[in-house]
Every structure is written in structure tokens, then in C-alpha cells.
Amino acid sequence: MSERTAGADRRVAWYRQMVEIRHFEDKVQELFMAGLIQGTTHLCQGQEAVPVGAISAMARGDVQTNTYRGHGEALANGMSPETAFAELMGRTSGCSRGVGGSMHLIDASKGNIGSNAIVGAGAPIAVGAAMGFKLRKEPQVALTFFGDGATNIGTFHEALNMASVWKAPVIFIITNNLYGEYSPVRSTTPIDDLARRADPFAMPGVVVDGQDVEAVHSAVSTAVARARAGEGPSLLEMKTYRYRGHSRSDPAKYRPEGELERWKQRDPIELLGAKLAAEGILSADHQAAIKAEIQAEIDRAAERAAQAPYPTLEETRSYVYAD
Ligand SMILES: Cc1ncc(C[n+]2csc(CCOP(=O)(O)OP(=O)(O)O)c2C)c(N)n1
Ligand SMILES: [Mg+2]
């Protein structure tokens, strides 16, 4: 099990991982605008502390489900940027041989048992995985990531209810980025703290600073320990913000002026960076060097991914029609 307070090496690794996700997402936007990525994209710049802090609380054999905005979860779970880029570009070297695309990054061998384009679909899947562990008397737990909007979907309530009654070892993680597709959460939801939705299901509901990777890690570690000890599920609400629009080229004009800038003042990467610099662990120069190094890796990964072939028509058909 992951320790609650992390050492310097671990915090530097979190810093690197958040930078990797940020640069990956920026590159995805560039590739999408250049026509190299087809379909759609849902990016997570600004939210990086949530997947990085949470997934680092998982142990080998634990699993997680996530959403169409799941590139951060996939990378934090150990998928290489090249494999992820290849999937987004529809190439055979992608994690799903290029037929899944941006909304379907998966690597079951590492515990990422899938992202879902259907809002709220991942939560009951995680409850099922958790019940599998429990019935087989295995010590593993399941995490499930979804948005604020998903807490208004029936499956969310059904999943929490069933998980609580059966004491399933599952951790429900709301990435509350303040918006559904284009609607502010307060226009669709009558409460501010979505963690309160744990109350009717008799499980802990915890509000967490989703900009602070250490706070995320600590809250998820506590919930994981509780689940592993047989005490059942928890609901954690990560308060965070997505810097870009909902998807593709959405300019997010529906947001009030100054909101984005306010959230950027508590950027998760810069927040951890400032702490690491103040503690003498990672200087500002070192941080700049890490960013440059990771940018170069991301550029190389995208170039390599673009060289892989597309699947043949025959192969794509084989996933659609039975013999
Ligand atoms: C069942 C279902 N209803 C509607 C949609 C269309 N849709 C896609 S994303 C989205 C917004 C969900 O918002 P939230 O859960 O807050 O996640 P975020 O996009 O902010 O990460 C909607 C309504 C969908 N994909 N699935
Ligand atoms: Mg949202």
C-alpha cells in the first residue's frame, strides 16, 4: 500500500508526471488542429493532480475506470505517450490497435480497465470489478474517475448504493471541474459540495483540493486503506478546473471573465513546483530543464506514433462483424 506522506523522489516523480500529461495534452490539441487526430478530443490541462495523486495510491493488481477525458489517467497509469498518441491517430501501434481513439485508452495489463464515452458508465463497471475482488477474497481495490456532471446520472446513484450495501472495495472519484459539457455545475446541480452525495449512501464523502497532488494522494490513500480493510467504499470530490473547453476546438466562451486566470494562479504543476523549490528539492532551473526534456520526449513520441500504419479495412471490419 502507498504511504500517506511522500518522500522527495516520489514528489519529483509526480511533478514529472504532471508535466508529461500537460505537454501531452497540448500536443494533442496541436495534432488535432493539424488534422492528424480524427474524431474528437477532451483534454485535461489543469486537472493533472487528480490522476497523478490518485493513481499513485494504487497497488499492483488494483484497477481503475475513467472517462473520455482520460488521457491523464492513462499516462499516470503507465501508458507510454507514444502508445497513446498512436491510438489517438488511429495507428496499429495504439493501445487498441487504433480503433478506439481518444475516448478509449485502455491497458488492462496495468489496471486501466477502460475509459468510457458514456457519462457515468465507468462507475458500475468499477463496482463489478471491486465485487470480483471481494468474492474471490483478493485484497485489490477499484478506483473510478468521473465528472461532476456524471453525479446527475442514474448509474452514479445505483453504483454508490450497491457498493455501500455490499461494502465493495471501490473508491468513487469526482473530478469536479465546475462544468458539464457547457453547463456550470450550479445550473444543473442544487449543491456546491458534491461529496455530500455520499450521505444517503452511508459512506465517507470527502472534499479534496484537486489542485494539490499531495492532498489528492493522501485522501485517496486513506480511502484505499479503508476499502482494503473491508470497510467499503468512499466518495471523494476533487475540486479542480479544466483550462480548455469541453472538447475539440470549444473556445469555452460560456465561462465568466477572469475565472480561468484565477484558477491558473493555483496551477497544480506550479503549486508543487513552488513547494519543491522552497524546500530545496527542485530548483526553478531544474524544473525548467525537466519541462524542456519532457517536451522533447513528447515531440519525439508523436513523430514516432505518426509513422505507424493504419489498420487495414479487413482488420477494422473484424471488430464489427462476427464471422
Ligand atoms: C449518458 C450520456 N449523456 C450525455 C452525453 C454527452 N456528454 C458527453 S460529456 C458530457 C458532460 C459531462 O460532464 P462531466 O461529467 O462534468 O465531465 P467533464 O466532461 O467535465 O470531464 C455530456 C453531457 C454522454 N456522452 N453520455
Ligand atoms: Mg465536469
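Which residues coordinate the magnesium ion (ligand 2)?

1. The metal site. The model under discussion is predicted. In it, the magnesium ion (ligand 2) is coordinated by D148 through OD, by N177 through OD1 and by Y179 through O, at 2.0 to 2.2 Å. Along the chain, these donors follow the spacing D-x28-N-x1-Y. The pair D148 and N177 links distant parts of the chain, as the two residues are 29 residues apart. D148 lies in the loop between β3 and α6, whereas N177 lies in the loop between β4 and α7 (185–188).

2. D148 counts as buried, at 2% relative accessibility. N177 also counts as buried, at 5% relative accessibility. Both values may be judged against the cut-off for burial, which is under 20% relative accessible area.

3. The length of helix α6. Helix α6 comprises residues 154–165, twelve residues in total. From its first C-alpha to its last, the helix reaches 17 Å, close to the 16 Å expected at 1.5 Å a residue.

4. Which residues of α6 are buried? They are F156, A159, L160, A163 and S164. These residues lie on the same side of α6 because they cover an arc of only 120° around the axis. On the other side of α6, E158 and V165 are exposed.

5. The surroundings and the end of helix α6. The buried residues of α6 are covered by elements that include α5 (122–135), β3 (142–147), β4 (170–176) and β6 (234–239). After α6 comes K167, whose phi is positive, near 50°.

6. The cysteines. How many disulfides does the model contain? The count comes to zero. The reasoning rests on a cut-off, because a disulfide requires a pair of cysteine sulfur atoms within 2.5 Å. For the sulfur of C44, the closest cysteine sulfur is that of C95, 15 Å away, and therefore too far for a bond. Seen from C95, the closest cysteine sulfur is in C44, again at 15 Å and too far for a bond.

Methods
Residues are numbered from 1 along each chain as its sequence is written. Chains are lettered from A and ligands numbered from 1 in the order in which they are written. This is a predicted model: local features need pLDDT of at least 70, side-chain atom pairs count only at pLDDT 80 or more; totals for chains, interfaces and linings use all residues. Side-chain values use heavy atoms; hydrogens and water are left out. Helices (H or I, at least four residues) and strands (E, at least two) are DSSP runs, numbered from the N terminus. The expected span of a helix is 1.5 Å times one less than its number of residues. Buried means under 20% relative accessible area, exposed over 50%, partly exposed in between (1.4 Å probe, protein chains only). The arc is that of the directions from the helix axis to the C-beta atoms. Contact means heavy atoms within 4.5 Å. Donors are N, O and S atoms within 2.8 Å of the metal (3.2 Å for Na, K and Ca); water is not among the atoms, so sites may look incomplete.
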